[in-house]
Amino acid sequence: MPKKITYYNEIAQDMIKADKDRNNANLAYDAMDHNQWQRPSTLENILWIRDDIDTGPSTDIAAGLRVLSALQENITIQPLASNQATKEKVNEWERSLAWVMAQANRRRQGTVRQSVVKSAIKYDEVCAQVIDLDYQIAQKDIFEGSTNREKAARRHYGRFVVVTYHPNDVHVRYSNLMPEAVLLRQKRKAQEVLDEWGKLVYRKGNLRDWARQNLDVYYFDYTDYEDHAIWCSLDKEGEASLVEVSNDNHKLPWLPWVCRVGGDTMEYEAIHRRRPMLYGDYTSGKWENSNIIRTINMSDVIRKMVSPRFIEEGQQGTEFRSTTIDYGPDAVNPVIHVTPTDKLTPIPPPPIDAAALQIQDRLAAERAQGTLSSILKGGELPAGTSFAALNLGTLIATGALKPAKELAEQALADVYAQFMYWANHTKNSIQAFGKNENKGEQYEIAWDEFDPENLYVECELKPDVALDRQQRANVAMMLVQAGLMSKEKALEYMGENDPTAILKQVDFEKLKDNRIQIMMQREQLQLQMEAQQMTMQQQQQAADEQAYQQQAMAAQQGQMAGAPGGEMFNPAQGGLPAQMGAPGATREGVTGEDVMGNEAMMGMGGV
């Protein structure tokens with residue numbers, strides 16, 4: 001049963017006080033990232049002082065964000081069986097989650113991945129909330145709250161919302177098991193709270209009066225594994241009058257927050273348990289010292305640029321001196337007109353303090369050593385650097401981001417898992433579509449096809465380093481050729497998000513190429529058969545022509561011999577002998593031979 005709102009407010013104040021040092025450190029990290037620095041009071045009233053802020057921390061954060069958030073995250077859901085059907089189903093779930101995250105990114109200026117990675121690098125802590133708009137709309141309809149905004153967001157950008165918060169707005173009570181309770185404290189307009197919660201809070205007199213006065217209120221949202229309480233106050237410490245907004249049991253089997261923190265839990269003081277990239281700059285004061293030295297050095301150079309360059313000596317008083325400088329029309333060769341009887345002596349320009357410059361360079365080198373290498377920040381490499389040395393240096397430099405990388409991966413995995421938690425709890429399946437090579441495909445994560453108690457989701461961020469990708473590809477090819485790794489595992493090792501889809505596409509292209517080869521072979525065989533048929537026809541035609549010529553010659557010889565031919569003069573078919581058709585024909589003329597069997601010569605007594 002929910003308790004009084006004052007009970008939750010006392011818990012909230014304790015959680016806020018426990019994070020006081022953490023909040024101060026985070027504000028210092030923000031100042032470094034935004035290049036915001038306040039010079040010491042001793043330098044405030046000096047006219048010639050000009051700020052020179054060390055931009056190294058800002059560059060380090062930008063470089064780390066560029067390396068870790070440039071590629072898509074690789075989602076892996078552990079299948080609970082080794083059969084092919086289960087693996088294919090899990091692969092479809094992974095594609096569905098990727099599509100859901102893509103829709104959640106559409107409603108933001110930056111992607112969820114960028115916010116999570118930056119929070120991990122900058123604060124060593126990630127705080128996010130996954131909201132199911134379908135569930136939220138249904139809950140608000142119960143107490144007649146305004147749902148127009150949620151419905152519009154659902155219509156245009158999908159079902160789920162991933163909200164990432166600045167860690168200073170979120171206070172988490174951790175135990176050795178897990179996060180136990182989460183408090184969100186934000187400064188909002190009283191009217192905004194009224195619009196969001198509708199009739200449930202409209203009758204709250206104080207809140208309505210605050211809204212009429214256009215006042216800002218502090219909005220407290222407390223959640224543990226049983227209760228969910230929301231209230232408002234004019235005071236950020238919650239000591240002013242409290243207005244209860246909501247107080248009930250949320251009935252969710254999990255804490256609807258994603259809260260991850262890195263660092264070392266063995267430290268007694270909370271401020272030292274988080275170890276973001278700029279932790280050394282903050283605790284050692286190196287960034288502060290660097291800014292002071294840089295500011296003094298640059299300001300000193302500016303001051304010396306306008307220092308006197310000549311000294312005038314003579315008997316004339318100051319009021320009688322008339323030394324002038326004539327710059328002429330082009331100011332290239334100015335002429336100095338010295339007062340008569342006076343002497344103008346040049347003064348050499350004052351030198352720059354070499355020791356101060358050495359201290360500045362030493363501070364810059366020390367703080368750079370504790371953050372990111374210049375290789376990842378686009379620094380120039382020495383001439384003659386070998387490929388192996390560059391590759392090794394890049395991998396070592398990327399290793400400095402490993403703590404932030406692992407923290408961001410864990411937080412993103414929790415976000416993906418909560419998508420499926422919401423689907424199972426609301427009994428509302430997730431509908432999704434294919435991306436990239438899977439465009440046109442439709443997928444579904446059915447709410448009853450998985451067990452939330454046995455759901456294991458992992459996420460991996462592949463650094464955007466060309467040498468690392470090339471090395472992974474080479475290693476994967478060697479392992480596949482040696483039979484020590486499957487092609488699917490090799491693609492996962494190389495950083496591909498959907499190896500199954502890639503293998504299917506490869507198989508499809510192989511089948512396509514095979515069919516094209518078969519069609520080409522068929523066409524070639526058909527051309528060969530047509531060529532053979534044409535050759536046979538030509539040979540047959542030549543044989544027919546030869547037979548025809550032979551028949552024609554035989555007929556001509558018969559006509560020449562005076563004996564007709566044909567079926568009518570074929571005794572075998574009942575015809576008359578040829579001699580009957582040519583009574584004047586002789587034996588030699590018909591047979592072509594004489595009595596002795598020699599060939600008879602026509603025209604020479606043969607007829």
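**View 1. Strand E5 (residues 179–189) and strand E6 pair in the antiparallel sense over nine bridges.** Strands are DSSP runs of E with at least two residues and helices are runs of H or I with at least four, numbered from the N terminus; two strands pair if DSSP finds at least two bridges between them. The model is predicted, with local features needing pLDDT of at least 70 and side-chain atom pairs pLDDT 80 or more, while totals for chains, interfaces and linings use all residues. Residues are numbered from 1 along each chain as its sequence is written, and side-chain values use heavy atoms, leaving out hydrogens and water. Another bridge in the view links Leu-184 to Asp-221, its partner in E6.

**View 2. Strand E6 and strand E7 make a hairpin.** Strand E6 covers residues 216–224, and strand E7 covers residues 227–233. Two residues lie between E6 and E7 in this hairpin. The two strands run antiparallel and are joined by six bridges; Tyr-222, for example, has Ala-229 of E7 as its bridge partner. E6 is mostly covered, as eight of its nine residues are buried (buried: under 20% relative accessible area; exposed: over 50%; partly exposed: in between; 1.4 Å probe, protein chains only).

**View 3. Five strands build an open sheet in the order E4-E5-E6-E7-E8, with antiparallel pairing.** The edges are formed by E4 and by strand E8 (242–249), each of which pairs on one side only. On average, neighbouring strands of this sheet are turned by 10° against each other, direction ignored. Helix H1 (residues 5–18) lies across E4, E5, E6, E7 and E8, and runs at about 80° to E7. Angles run from 0 to 180 degrees between N-to-C directions of axes fitted to C-alpha atoms, for helices over the stretch in contact.

**View 4. His-171 is found in strand E4 (residues 170–174).** With a relative accessible area of 0%, His-171 is buried. The side chains of His-171 and Asp-19 are joined by a polar contact of 2.9 Å (N or O atoms within 3.5 Å, one able to donate a hydrogen and the other to accept it; residues adjacent in sequence count only through side-chain atoms on both sides). Leaving aside residues up to four places away in sequence, His-171 touches Met-15, Ile-16, Asp-19, Arg-22, Asn-23, Ala-181, Val-182, Leu-183 and Arg-185, where contact means heavy atoms within 4.5 Å.

**View 5. Cysteines are shown, with zero disulfides counted.** A disulfide is a pair of cysteine sulfur atoms within 2.5 Å. Cys-127 is in no disulfide, and the nearest cysteine sulfur, that of Cys-259, is 4.6 Å away. Cys-127 counts as buried because its relative accessibility is 1%. Cys-232 is likewise buried, at a relative accessible area of 0%.

View 6. The protein has 607 residues, of which 36% count as buried. Of the contacts between residues at least 6 apart in sequence, 68% join residues at least 24 apart.
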